[in-house]
Structures are given as C-alpha cells and as structure tokens.
Amino acid sequence: MVSSKNSSKNTGPSESAKRLKSLVDKRTQELKESNKKLRKAQAELRKVREELRYIDVKKNQFMSITSHELQTPMTSIRGFSQLLNKEEVFKNTKRRKRYLKIIQGESRRLSKLVREMLDLSRIDLGTLKFHVSTFDPVELIQDIKLQMDRIAKEKGILIIVKTDKGLPEMTTDRERIKQIIMNLVSNSIKYTSKGSVTIEAKKDGDFIQFSVADTGIGIAKKEYNKIFERFYQANYSYDRTTTGAGLGLSICKEFTELMGGKIWLNSKVGEGTVFFFTTPIKFTTSKLESPIRNKSKQSKKSKKSKKRKKLKSRRSKRKR
Ligand SMILES: Nc1ncnc2c1ncn2[C@@H]1O[C@H](COP(=O)(O)OP(=O)(O)OP(=O)(O)O)[C@@H](O)[C@H]1O
Ligand SMILES: [Mg+2]
C-alpha cells in the first residue's frame with residue numbers, strides 16, 4: 001500500500017506536469033500562429049497605407065500638372081488677345097498674324113489636354129467607345145504626314161513614310177490609330193532638333209506593325225516602362241522648353257492594348273528612338289470590359305433581381 005501510494009505520488013505530478021507542458025506547448029504554438037497572422041496583417045496594412053500614400057501623391061501630381069497645363073495656355077491666350085485689342089497692334093499685320101498663331105496653338109494645346117483627360121476617364125470608367133470602319137492604312141499615314149509636315153518643317157525635320165507594298169485594308173477604329181501615330185510623331189518632332197522622323201507600316205500575320213523612328217535625344221533604358229505611366233516626363237528636368245502633360249504615351253498604350261495590340265520601344269540616348277505598336281487588322285471587342293463597368297453592370301443586375309423579388313412577394317401577398 002505504502003509503495004503504491006508512493007508510486008501514485010511519484011507518477012501523479014509528472015503526468016500533470018506533462019499535461020501542463022503539452023498545454024503550454026499548444027498555447028505557445030497558438031500564440032506563435034496568431035503572432036504570425038498579426039505580422040502578416042500588419043504588413044498588409046503597411047502595404048495598403050503605402051498604396052494610399054502613392055495614390056495621394058499621384059492625385060496631387062495630377063492636380064498640379066493639369067492646373068499648370070491648363071493655366072499656361074489660358075494666360076497666354078488672355079495676354080495675346082488683350083494685346084490684339086490695342087489698335088496699334090491690330091493694325092500691324094505681322095504682329096497680328098504672329099499673335100493669332102500663338103492663340104491658335106495654345107487653344108489647340110488646351111483642347112488636346114481636355115480631350116486626353118476625357119479619354120483617360122472614359123478608359124477608367126469603361127465607357128470609351130470604338131468606331132470601327134474599313135480603311136487603307138497607307139492613306140492614313142499619308143494623311144498624318146500631310147498634317148504634321150508643317151510643324152516638322154518649322155524645325156527643319158523631314159517626315160519620311162515607308163510602307164510595305166500590298167498592305168491590306170484594316171477594319172478597326174481609324175481615328176484611334178491616327179491618334180496613336182499622331183502622338184508618337186509629335187513626340188518625335190518635339191524631342192528631335194535635327195534629322196528625320198520615319199513612319200513605317202508592315203504586315204505581321206493578323207496584325208499591322210506601325211513604327212515611328214526619330215533621330216532625337218533618345219530615352220534611357222531605365223525610363224522605358226515609366227514613360228508609359230500617366231504624367232511621367234523623362235526629359236522634363238533638363239528640357240523645360242518643351243510642353244506637355246505626360247499623357248500622350250499612356251493614352252497610346254491604353255488604346256493599343258484595348259484594340260488588342262502591343263506597344264514598345266528601342267532607343268539610344270543621343271541617337272534616337274523607335275516606337276513600335278501592333279494592331280489587329282480586324283478589330284475584336286474581347287479586351288473592352290473594364291472592372292468598373294463590370295461592377296456597375298453587376299449592381300444593375302442585383303438591383304433588377306431585388307425589384308423582381310419585391311414584385312413576386314407583393315403578388316403572393318395579394319393572392320393570399
Ligand atoms: N521620341 C521621343 N524621344 C525622346 N523622349 C521621348 C520621346 N517620346 C516620349 N519621350 C519621353 O517620354 C515622356 C512621356 O511622353 P508623353 O508623350 O507621354 O508625354 P509628353 O509628350 O511629355 O506630354 P503630352 O504627350 O501629354 O503632350 C516625355 O516627356 C519624354 O520625356
Ligand atoms: Mg507626348
């Protein structure tokens with residue numbers, strides 16, 4: 001008896017100690033896991049906070065660039081129209097023509113900015129529309145050359161057109177493709193002080209590959225992706241004489257991708273740049289669904305189904 005009592009006394013505490021230890025181990029493990037989850041949640045929170053800060057910076061950048069880009073041409077238009085109001089200036093044909101040219105240029109700059117901001121907001125809202133028609137890409141490029149020749153000549157730059165023989169007609173949005181090429185050509189003219197700008201088009205399977213090459217200042221490799229971001233201007237810091245909001249290339253990229261193609265570049269600083277983009281010969285609508293538009297469609301659907309449910313329940317009440 002004594003020995004059994006002793007033995008129970010000996011085993012008892014060791015078993016309860018074991019149980020206690022396993023309980024402590026379990027709790028420690030649980031604590032470790034919740035600590036891990038907490039750390040993960042903290043990291044996610046930090047990431048969200050950083051994203052919010054980034055959005056805030058972008059929003060402020062947007063406000064400052066757009067107000068500057070709107071303010072500058074408006075000041076110029078106001079100033080020159082006030083000058084034209086003076087009789088002696090108005091009577092001087094040379095000065096009048098020069099001032100009117102500035103006013104026209106600045107109003108074009110204003111409407112370009114407003115049009116681009118509208119395009120971007122339509123892209124974000126998923127309300128951008130494409131107008132499909134059948135056209136000859138060679139004729140389109142000739143059209144662009146004709147339109148851009150004057151401003152190229154003013155800088156002593158030659159516009160060259162090279163197109164493959166027998167290029168097929170395209171069935172897609174002519175105006176959007178024109179807008180992409182015009183943006184690329186006007187960039188090339190803007191960032192080139194002498195030489196040429198070459199517009200090319202060739203067939204590549206079910207696509208047409210367009211390219212715009214210049215002999216301008218070039219773009220460093222590290223800027224290749226950034227220049228397609230909204231409001232990003234790579235040469236802004238050392239060339240303050242050029243104008244622009246940094247929207248052109250972001251619009252080119254959005255349009256190209258929405259139409260089912262790709263855009264990229266090759267460049268050498270000090271030697272020149274070539275921008276390439278592809279676009280399907282025949283337009284398909286597969287890429288046009290935007291998340292925002294989908295959400296609004298879903299909310300419309302759920303509103304409709306709620307209405308239907310309400311009507312059903314009212315009818316069944318009336319029957320009762
Ligand atoms: N052909 C080019 N040669 C050299 N740099 C270029 C060329 N095209 C674009 N870039 C660089 O890429 C940046 C972004 O171009 P983007 O067309 O988006 O803006 P922008 O021309 O400055 O303004 P916007 O097009 O809104 O008038 C430019 O500011 C410039 O630094
Ligand atoms: Mg541009």
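Predicted model: local features only at pLDDT ≥ 70, side-chain atom pairs only at ≥ 80, totals over all residues.
Reader: How many bridges pair S6 with S7?

Author: Two strands pair if DSSP finds at least two bridges between them. Strand S7 covers residues 272-280 and runs antiparallel to S6. Trp-264 stands opposite Phe-276 in S7. The bridges pairing S6 with S7 number 6.

Reader: Which residue in the turn of that hairpin has a positive phi?

Author: S6 and S7 form the hairpin, with 3 residues between them. The phi in question is about 85°, and the residue that has it is Gly-270.

Reader: Which residues make up the uncovered face of S6?

Author: In a regular strand the side chains alternate between the two faces of the sheet. The covered face of S6 has Ile-263, Leu-265 and Ser-267. That leaves the uncovered face to Trp-264, Asn-266 and Lys-268.

Reader: What is the order of the strands in the open sheet?

Author: The sheet has 5 strands with mixed pairing. Its edge strands, each pairing on one side only, are S2 (157-163) and S6 (263-268). Inside the sheet, S5 and S7 run antiparallel, joined by 7 bridges, and Phe-210 stands opposite Phe-277 in S7. The order is S2-S4-S5-S7-S6.

Reader: What angle does the direction of H5 make with that of S5?

Author: H5 (residues 174-190) packs on the sheet and touches S2, S4 (195-204), S5 (207-214) and S7; two residues are in contact if their C-beta atoms, placed from the backbone, lie within 7 Å. Axes are lines fitted to C-alpha atoms, for helices over the stretch in contact, with angles from 0 to 180 degrees between N-to-C directions. H5 and S5 make an angle of about 20°.

Reader: How many of the residues in the contact of H4 with H5 are nonpolar?

Author: The axes of H4 (residues 137-154) and H5 come within 10 Å and cross at roughly 30°. Leu-140 and Ile-144 of H4 are among the contact residues, as are Ile-177 and Ile-181 of H5. Ala, Val, Leu, Ile, Met, Phe, Trp, Tyr, Cys and Pro count as nonpolar, Asp, Glu, Lys and Arg as charged, and the others, Gly among them, as polar. With no polar and 2 charged residues, the nonpolar count is 10.

Reader: Which elements give two or more residues to the shell around ligand 1?

Author: A residue is near a molecule if its C-beta atom, placed from the backbone, lies within 6 Å of it. Of the 22 residues around ligand 1, those that come nearest are Gln-233, Ala-234, Gly-244, Gly-248 and Leu-249. By class, the shell has 10 nonpolar, 11 polar and 1 charged residues. The elements asked for are H5 and H6 (248-258).

Terms used: Residues numbered from 1 in each chain as written. Chains lettered and ligands numbered in written order. Helix = DSSP H or I, 4+ residues; strand = E, 2+ residues; numbered from the N terminus. Buried ≥ 20, exposed ≤ 12 C-beta atoms within 10 Å, placed from the backbone.
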